Amino acid sequence: MTAATHSTLFPQVPESPDAVLEGLDPEQREVALALHGPVCVLAGAGTGKTRAITHRIAYGVRAGILQPSTVLAVTFTNRAAGEMRGRLRQLGASGVQARTFHSAALRQLQYFWPKAVGGDLPRLLERKVQLVAEAAARCEIRLDRNELRDATSEIEWSKVTQTVPADYPAAVAKSLRDAPRDPAELAKIYATYEQLKRDRSVIDFEDVLLLTVAILQDRKDIAENVRAQYQHFVVDEYQDVSPLQQRLLDLWVGGRDNLCVVGDASQTIYSFTGATPDHLLNFRTAHPNATVVKLVRDYRSTPQVVHLANGLLRQASGRAAEHRLELVSQRDKGPEPVYTEYADEPAEAEGTARRIRDLIAAGVPAGEIAVLYRVNSQSGVYEQALADAGVPYQLRGAERFFERREVREAWVALRGAARAGGNDSLLDGAEGLPAQVRAVLSTQGWSHRPPAGSGAVRDRWESLAALVRLAEDFGAAKPGATLADLVRELDERAAAQHAPTVQGVTLASLHAAKGLEWDAVFLVGLTEGMMPIAYAKTDEQVEEERRLLYVGITRARFHLALSWAVSRSPGGRAGRRPTRFLNGLRSGSGASARGGAGGGGGIDRGTGTGGATATRTESTVQRKKWGPVRCRVCGRTLTEAGEMKLMRCEDCPSDMDEALYERLRVWRAARAGELSQPAWCVFTDKTLMAIAEAVPGSERELVTIAGVGNRKMGRFGSDVLAICAGESLDEEDREGFGES
């Protein structure tokens, strides 16, 4: 068993302290044995850091060196804390406290408040947004829902960086932070919010840390009490510690040297929340006698993936880059990363969906595949492409595109304008569908220029901009289309994506993917302006974007695909460039990065490279090779995915067999129920319509229909051909078909 392989569900508890050390690599073993003095573990992605620190604690407990109740292990999420407690229990080290910073502080605050202050601890606000809204109203500042979220985030950032309201404008200027609105206004809202909390005797989550710090500073007796309880500290993900959390940690430790920290400066991607790697990078200076152990054996990813990750960081600059770790893969060789350039965004999404479908057909579980993007607004086109391909998916860290509040509100506004027709004054002077949509969505927060900076307002704008682009593409594909036509298109798209939660391909932003891993990862939308994001202006902001891409790359165990589109929409100007971060790492982009195992995969343009790494291309070249798809009725070039499936324009005459279509729908519902899948995972409505129009009489005729393909041919082909031939299906007829 390698040092990072997963345990069985019910592993045996090691029989002795020495048995706890079995299976650790030399560096992990060094961590486990370093039980005295300050310890700094620099752990690269996939190197088994959680394994190392849990075995360190367990060995100390089992050997009698550490008492379980005196150990406090701190991490950043409840999931990570729960995982740590579970591993410690499996190693026979129950009783160790593994908590988040907030959980540990709240427990202490609840216990010591009556003694330090008297009375009951003030009520904890579950959500501060409503109180921030009231504070803004008292300041006579109008905030919409997204601006409210941004103001709340600024208050949280101020508190974790220990910035009081009066100092907020100066702090924003010093940190080169993009404030979502006038810093003076935000400082006023912040001050009023704090006053409202005092008036109502409530506290927020940041106050939990601030008040714990205040009590430990002011009451030496309570501080000594805490230090007597906890004598050994372990901090995971130390690169994400905020100044406030570091201040609390210093008070817990109290000048002692029994502290072990674990982190990787190359994975610092949350600076917008106040996190900073400075404490990790300065640890050796603050603790000159510290034991420093570097974990660089990567048990997660293949040499090819690791080589790309290392090459990316070799080009980095700044202080974090000076402390980068050169990972060494411990796995067998795998396929080279695949770089694919697409003609446009829909082509990129469709190509990604096809490749995912091929991986699933080859035996990769859908739950072991992820599509990762920079911002949540990019998800919509991939949701649609996966739905069209019959691939189940799930979103992590974001709502489905058509379930987002701003999208639903825009949808309602468009529907209302469509019903009003020429009577809606909003549409005065707006000629053509795209102009009408822009006019309607301008009342919802869309504008020609995106808002400065990041945050909720930018997220809302990105979602609305995606709808504007959809309207532009729809109008180009359907000259003369009306708002009502667009609303019907939105209805159909939403219906295709509305399905019960299923275990499927993960769609997630790069930030939401931190701490996770998959067998196959698709990094999409890698163009300048998106990676790095357009509002990354300073050198440090750009370097954080590079680290974000590094995090994405290191989520992949075996398969890794990186892609970009040179144009936004079909037929558009090919003016986009792939991210600068890949320069020198792929063929044709400059000098190749040296070192590591394997080379860059080059750009996949359909020629393949021979052997196991050759992959069917989805690039611009192959799409041109296929040629345009033309309507079989009028001959017009088709650009919309649904029309391409039907092989005709939506409004061209249909020769569909209505009775056959209805029989196919009944059959599809039954098969979907048997498979416990949404109906569209069997065939989409458009594919069923295409079948009912073509009425195929052979496997060769059926497999050429868009949306069928070899995989679904083998799975459902006999049923479909039987229905097309007018035969009835009973259980005996269907035995042996379905699962393959």
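This tour moves through selected salt bridges of a predicted model.

Local features are taken where pLDDT is at least 70, side-chain atom pairs count only at pLDDT 80 or more, and totals for chains, interfaces and linings use all residues. Residues are numbered from 1 along each chain as its sequence is written, and side-chain values use heavy atoms, with hydrogens and water left out.

Across the whole structure, a search finds 42 salt bridges, each defined as a side-chain nitrogen of Lys or Arg within 4 Å of a carboxyl oxygen of Asp or Glu.

Select Glu-134 and Arg-200 to begin, a salt bridge whose closest N and O atoms are 2.3 Å apart. The pair links distant parts of the chain, 66 residues apart, with Glu-134 in helix α6 (residues 129–138) and Arg-200 in helix α9 (residues 183–200); helices here are DSSP runs of H or I, at least four residues long, numbered from the N terminus. Glu-134 is partly exposed at a relative accessible area of 25%, and Arg-200 is partly exposed at 41%, where buried means under 20% relative accessible area, exposed means over 50%, and partly exposed lies in between (1.4 Å probe, protein chains only).

Next, select Lys-159 and Asp-207, a salt bridge with its closest N and O atoms 2.7 Å apart. Because Lys-159 lies in helix α7 (residues 145–160) and Asp-207 in helix α10 (residues 205–218), the pair ties together parts that are 48 residues apart in sequence. Both Lys-159 and Asp-207 are buried.

Finally, go to Glu-326 and Arg-324, whose salt bridge has its closest N and O atoms 2.7 Å apart. Glu-326 is partly exposed at 31% relative accessibility, and Arg-324 is likewise partly exposed, at 28%.

Key:
Helices (H or I, at least four residues) and strands (E, at least two) are DSSP runs, numbered from the N terminus.
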